Amino acid sequence: MSKRNNNIKYQELYQNLQEHYEEMNDYLLGLIADHKCAENELRYLKEFIHYKKLDEEFHFFKEHAHEEYEPDMPFPYLTL
């Protein structure tokens, strides 16, 4: 009887572990998809900056921009 209870306990633990694994796997797949979208978006932004011949302006902004906060805005933003 004790061996049977042990087996049931291990089966329940394994099932619980399997459920957490599947949940984590779904979460990671979502992160991977988001990362691919962000990479693609970044590629288009870089090409657009180059296409519009804004490379120098972009580098200037990148070097001199700072974050500003406004109380009615939820996130800070970059400005010169």
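The questions and answers below concern a predicted model of one protein chain.

Student: In what order do the elements of the protein chain run from the N terminus on?
Tutor: The protein chain has 2 helices and 2 strands. Helix H1 covers residues 2-51, helix H2 covers 55-64, and strand S2 covers residues 77-79. From the N terminus on, the order is α-α-β-β.

Student: What percentage of the residues of the protein chain count as buried?
Tutor: Buried means under 20% relative accessible area. The accessible surface of the chain comes to about 8,200 Å², and carbon and sulfur atoms hold 58% of that surface. Of the 80 residues, the part that counts as buried is 1%.

Student: How far apart are the mean positions of the positive and negative charges?
Tutor: The protein chain carries 9 positive and 17 negative charges. Among the negative residues, Glu19, Glu22, Glu23 and Asp26 form a negative surface patch.

Student: Is Glu19 buried or exposed?
Tutor: Glu19 is found in helix H1 and is one of the residues of the negative patch. Its relative accessible area is 52%. The cut-off is over 50%, so Glu19 counts as exposed.

Student: What is the area of the nonpolar surface patch made by Met24, Tyr27, Leu28 and Leu31?
Tutor: Met24 has a relative accessible area of 49% and is partly exposed. Leu31, at 39%, also counts as partly exposed. The patch has an area of about 410 Å².

Student: How far apart in space are Leu31 and Glu12, C-alpha to C-alpha?
Tutor: In sequence, Leu31 and Glu12 are 19 residues apart. Their C-alpha to C-alpha distance is 29 Å.

Student: What is the C-alpha to C-alpha distance between Tyr21 and Glu41?
Tutor: Tyr21 lies in helix H1 and counts as exposed, at 54% relative accessibility. Along the sequence, Tyr21 and Glu41 are 20 residues apart. In space, the distance is 30 Å.

Student: Which value does phi of Lys53 come near?
Tutor: Lys53 is found in the loop between H1 and helix H2, and at 67% relative accessibility this residue counts as exposed. Most residues other than glycine have a negative phi. Lys53 has a positive phi, near 55 degrees.

Technical notes
Residues numbered from 1 in each chain as written. Predicted model: local features only at pLDDT ≥ 70, side-chain atom pairs only at ≥ 80, totals over all residues. Heavy atoms only, no water. Helix = DSSP H or I, 4+ residues; strand = E, 2+ residues; numbered from the N terminus. Buried < 20%, exposed > 50% of the residue type's maximum accessible area, 1.4 Å probe, protein only. Areas by Shrake-Rupley, 256 points an atom, 1.4 Å probe, with all protein chains shown as cover. Lys, Arg positive; Asp, Glu negative; His and termini not counted. Charge placed at Lys NZ, Arg CZ, Asp CG, Glu CD. Patch = residues over 30% accessible without salt bridge, like charges linked within 9 Å, V, L, I, M, F, W, Y side chains within 5 Å. Salt bridge = Lys/Arg side-chain N within 4 Å of Asp/Glu carboxyl O.
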